[in-house]
Amino acid sequence: MGISGVFPQSVFTILGFTITNTVVHTWVIVAVLVGLGIWANKRFKVWEPESWQLLIEYLIEYVDNLVKDQCGRSVPEIVPYLTVMITFIAISNLAGLFPLMQAPTRDINTTVALSLVSLLSTQYFGIRRRGVGGWLHSYIEPNPVMLPMNLLGMFSRVLSMALRLFGNVISGEVISAVFFMLVPLLSPIPMNLLGMLTSVLQALVFTVLTLVFILDAMGPEPADDQPVAAT
Amino acid sequence: MGSDQILQFSIVSTIVVGAAIVFGTLTVAIMEGRVIMKAFDNMARQPSVADRIRGLLFVVIALLESTAIYVLLICLILLFANPFANVFGL
């Protein structure tokens, strides 16, 4: 198969839809994450928590701090969505380290789907916070002349987030494959180390960008007009 | 489609890919270096906000890097999954 093995291969077809191995890997990751979630949900304790519960709480607090850094106050309604997003993208990018698995985000379809979900989530949180009238008003916010710019901005955000994630993952895979072809002995070690760094970093960047766009769509709070007290 | 045209296609493709990578990563590397330089200077000047600067530094570097990744992506596609290759039967 050579280097083209890093690109998605078709596994089987159902009702005319081609199921690539990307979809199969995504199913495995979703099954593992949902299974872990259900298993952990039954075992949460308020007193004397176990160490894995502290890890999960640390992750949620980290995302909450990301939100607080952006807008100065805590927005609890978006933290669960962002936590799932960062966990799923980080685990997906790191899936190449496990045997028989490859990162589903090396397929442009997965990253475009994630970006579209992000876009829909910004609209959803915007409508939830401001109502349909306020959400429609936000498109002509500074000036009605900005309407095509706002629409184009939405489209370009989706494209840039999808291409950034896809480009990072697929370039890591192709370069690993080329290196492996040249130097088969021990070459996956440094490439995988670099891949681990960029995987988690890209998950963080994707989440921070989604967060900024959601907060932008939710609009300013009435209290934001007051000057913030020095911390 | 003779072998002469295949050769010309391969040569032009390789030269374009080489030039694209050079120009694409040059500005990115210079600008990232300037961002990091300023960030380190200001982290040393005001250690109390060093943590906030470090948090944003990684995000900004990833955003800048993504431009270079776009160029790399096009080069990889041209080299390994060229959409015009099947015109010549490659």
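In the hairpin of strand 1 of chain A and strand 2 of chain A, which residue takes a positive phi?

A: The model is predicted. The residue is Leu15(A), with a positive phi near 55°. The hairpin leaves two residues between its strands. Strand 1 (residues 10-14) of chain A and strand 2 (residues 17-20) of chain A run antiparallel and are joined by four bridges. Within this pairing, Phe12(A) of chain A is placed opposite Ile19(A) in strand 2 of chain A.

Helix 2 (residues 51-71) of chain A packs against helix 6 (residues 188-218) of chain A at an angle of about 50°, and the two axes are 10 Å apart. Helix 2 of chain A and helix 6 of chain A are therefore oblique to each other. Their crossing is right-handed. From helix 2 of chain A, the residues Leu66(A), Val67(A), Gln70(A) and Cys71(A) meet Val208(A), Leu211(A), Val212(A) and Leu215(A) of helix 6 of chain A. By class, this contact has seven nonpolar residues, one polar residue and no charged residues.

Helix 6 of chain A also has a part in the contact between the chains. That contact takes 14 residues from chain A and twelve residues from chain B. On the side of chain A that touches chain B, helix 5 (147-182) and helix 6 of chain A each supply at least two residues. Helix 5 of chain A gives the largest share of that side, six residues. The residues of this side of chain A comprise eight nonpolar, five polar and one charged.

Key. Residues are numbered from 1 along each chain as its sequence is written. Chains are lettered from A and ligands numbered from 1 in the order in which they are written. This is a predicted model: local features need pLDDT of at least 70, side-chain atom pairs count only at pLDDT 80 or more; totals for chains, interfaces and linings use all residues. Axes are lines fitted to C-alpha atoms, for helices over the stretch in contact, and angles run from 0 to 180 degrees between N-to-C directions. Angles under 35 degrees count as roughly parallel, over 145 as roughly antiparallel, 65 to 115 as roughly perpendicular and the rest as oblique. A crossing is left-handed if the near helix is turned anticlockwise from the far one by less than a right angle, and right-handed if clockwise. Two residues are in contact if their C-beta atoms, placed from the backbone, lie within 7 Å. Ala, Val, Leu, Ile, Met, Phe, Trp, Tyr, Cys and Pro count as nonpolar, Asp, Glu, Lys and Arg as charged, and the others, Gly among them, as polar. Two strands pair if DSSP finds at least two bridges between them.
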